[in-house]
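Colleague: I have this one open on my screen and would like to talk through some of its details. Could you take my questions as they come?

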Amino acid sequence: MRHPRSDEVLVRSRFGAVSRGTEALVFAGRVPASEGERMRAPFQGGSFAFPLKYGYAVVGEVAAGPPPLLGRTVFCLHPHQDRFVVPADAVHLVPDGVPASRAVLAANMETALNIVWDAGILPGDRVAVVGGGTVGLLAAWLASGVPGTDTVLVDIDPARRAVTERLGLAFALPGAADGERDCCLHVSGSPDGLASAIELAGFEARVVEASWYGTDLVPLALGAAFHARRLTIVSSQVGHVPAGRRARWTPSRRMASALALLADPRLDALVLGETAFVDLPGAYAGILASPATLCHRIVY
């Protein structure tokens with residue numbers, strides 16, 4: 001490991017997180033050739049044709065670098081690695097009130113924050129979030145914090161009820177949630193989930209599609225009452241700050257807000273597994289294949 005230059009930092013990793021959704025698509029080789037450059041993670045090694053060094057959630061301590069950062073706990077969008085050198089402006093300070101073990105959720109929280117911004121949720125709205133993975137749960141948690149909102153998390157797995165309720169959220173299986181929602185956020189990664197979100201949407205409601213399907217084609221039922229209800233489907237993707245905020249919100253400001261939002265200890269409920277970094281190669285495929293996985297933490 002080379003010594004950092006004056007404008008760089010050496011980070012000694014403490015915790016990381018496996019992102020089951022995106023990393024599973026990458027692991028399976030399901031990144032479209034057309035999206036190879038847009039889908040590159042910061043500091044990714046190699047291409048999607050493999051070999052590949054991928055990942056984007058590491059929390060560590062600055063072991064060498066500019067004095068103001070030395071010894072500080074930071075988050076970095078970096079692949080799974082125990083030590084690395086990056087530009088100093090690529091790391092984000094973890095607030096004092098956020099433990100390093102929870103700060104691994106920062107990338108997921110940043111995505112959830114972007115989704116809620118794209119949704120334009122207002123006080124009093126009736127919101128449905130379809131998909132109880134890490135990002136879906138965080139998006140529902142954020143939406144429920146808007147005053148007066150009625151937010152429900154919808155998932156096909158009844159085991160998701162426990163973690164949903166630990167976050168103080170309402171849970172429903174598909175078909176059991178009340179419809180006529182003002183806004184529906186879809187984050188399940190399944191075409192069936194998108195269909196459920198459309199069914200739950202009320203007249204002239206907005207459906208925010210935040211799932212990414214890689215090379216898969218997604219059938220979309222635009223018959224039935226879709227046009228009669230004048231529904232709107234919009235895309236949400238964390239690569240860009242929504243247009244209405246872009247003039248004031250840099251990605252760094254957005255990440256700082258995401259980290260600050262992790263101060264709530266209830267969010268520890270999202271970490272359902274933990275693996276030592278030295279054991280990760282043998283466990284990785286199993287982590288990605290398990291439908292029970294939410295945030296899986298790596299310990300360095």
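Colleague: Is Asp264 buried or exposed?
Modeller: Bearing in mind that this is a predicted model, Asp264 is buried, because its relative accessible area is 17% and the cut-off for buried is under 20%.

Colleague: And which residue does Asp264 form a salt bridge with?
Modeller: The partner of Asp264 is Arg266, and the closest N and O atoms of the two are 2.8 Å apart. Arg266 counts as partly exposed, at 39% relative accessibility.

Colleague: How many salt bridges does a search of the whole structure find?
Modeller: The search finds 13 salt bridges. One of them is between the side chains of Asp150 and Arg126, at 3.6 Å from N to O. Asp150 belongs to strand E9 (residues 150-154) and Arg126 to strand E8 (residues 126-130), so this pair ties together parts that lie 24 residues apart in sequence.

Colleague: What is the relative accessibility of those two, Asp150 and Arg126?
Modeller: Asp150 has 34% relative accessibility and counts as partly exposed, and Arg126, at 24%, also counts as partly exposed.

Colleague: Which residue meets Arg230 in a salt bridge?
Modeller: That is Glu204, with 2.6 Å from N to O between the side chains. The pair links distant parts of the chain, since Glu204 sits in strand E12 while Arg230 is in the loop between strand E12 (201-209) and strand E13 (232-235), 26 residues apart. Arg230 is exposed, with a relative accessible area of 53%, whereas Glu204 counts as partly exposed at 44% relative accessibility.

Colleague: Changing topic to the backbone, which peptide bond is cis?
Modeller: The bond from Phe50 to Pro51 is cis, with omega near 0°. Pro51 is in the loop between strand E2 (45-46) and strand E3 (52-53). As background, most peptide bonds are trans.

Colleague: What about phi at Phe43, is the value positive or negative?
Modeller: Phi of Phe43 is positive, near 65°, in a residue other than glycine, and in general most residues other than glycine have a negative phi. Phe43 is placed in the loop between helix H1 (20-27) and E2, and at 34% relative accessibility Phe43 counts as partly exposed.

Colleague: And where does Glu180 lie?
Modeller: Glu180 lies in the loop between strand E10 (170-172) and strand E11 (181-186). Phi of Glu180 is near 55°, which is again a positive value in a residue other than glycine, and Glu180 counts as exposed, at 54% relative accessibility.

Key
Residues numbered from 1 in each chain as written. Predicted model: local features only at pLDDT ≥ 70, side-chain atom pairs only at ≥ 80, totals over all residues. Heavy atoms only, no water. Helix = DSSP H or I, 4+ residues; strand = E, 2+ residues; numbered from the N terminus. Buried < 20%, exposed > 50% of the residue type's maximum accessible area, 1.4 Å probe, protein only. Salt bridge = Lys/Arg side-chain N within 4 Å of Asp/Glu carboxyl O.
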